[in-house]
Amino acid sequence: MKFTLNRAALVAAASAIAFAAPAHAEENKVEPYVGVQAGHHDAGTDVAIGGTVRDSGAIFGAFAGVDVPVSGNLFVGVEGNYNIGTGAIDSEYGVNARLGVKTGFGKVYVRGGYQEVNFDLAHVVAPLPVPAGADDTDGDYIVGIGTDINLGKESNVALRLNLDTIAFDSTRATVGVAVKF
């Protein structure tokens, strides 16, 4: 079920990019940015211990990247992120590439890369003990969709919404604020 929902979200994003409204005429320039974000990461294990699934948590973090114009409204970019978490997620970090279009309201993009997640195993397996030497990290490819919505016509600040999956096993939704330079 999660795989089908993630695939549907990716198809919707691709459609949005294909039919996005053209951006207002503006100078195409390299655009670095930084921002903060918060969200929810569901690791997707659905393993219930004591009747409770403990595989998700809130995340709070930062990101930085740069977008480079390619042709017309098309851009490519690279971005890094770091988040701390609650619940099952201790922290996570990663890097991804972005491909998207500038629109009249901001940007719409798809992205892909690598994400490493450090879990809080004591939270995940509670009330069971964590085995000594247990590996609490996991990493894999990440793919997702997103949009940056400009907060005003001449503003360098954008509201950001992202929906990602790590190896089509987990779901991560974030909202943030980006400042462009």
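**Note on the predicted model**

1. The protein chain has 2 helices and 10 strands, where helices (H or I, at least four residues) and strands (E, at least two) are DSSP runs numbered from the N terminus. Read from that terminus on, the elements follow the order α-β-β-β-β-β-β-β-α-β-β-β.

2. This is a predicted model, in which local features need pLDDT of at least 70 and side-chain atom pairs count only at pLDDT 80 or more, while totals for chains, interfaces and linings use all residues. Residues are numbered from 1 along each chain as its sequence is written, and side-chain values use heavy atoms, with hydrogens and water left out.

3. Of the 181 residues of the protein chain, 36% count as buried, that is, under 20% relative accessible area with a 1.4 Å probe, protein chains only. The chain exposes about 9,100 Å², of which carbon and sulfur atoms supply 66%, the areas coming from the Shrake-Rupley method with a 1.4 Å probe.

4. Taking the contacts (heavy atoms within 4.5 Å) between residues at least 6 apart in sequence, 58% join residues at least 24 apart.

5. Strand β7 (residues 106-119) is largely enclosed by the rest of the structure, because 10 of its 14 residues are buried.

6. Strand β6 (residues 89-102) pairs with β7 in the antiparallel sense over 13 bridges, pairing being assigned if DSSP finds at least two bridges between two strands. These two strands form a hairpin with 3 residues between them, and E92 has V117 in β7 as its bridge partner.

7. β7 also pairs with strand β8 (residues 137-150), in the antiparallel sense and over 13 bridges; here Y114 stands opposite Y141 in β8.

Technical notes. Buried < 20%, exposed > 50% of the residue type's maximum accessible area, 1.4 Å probe, protein only.
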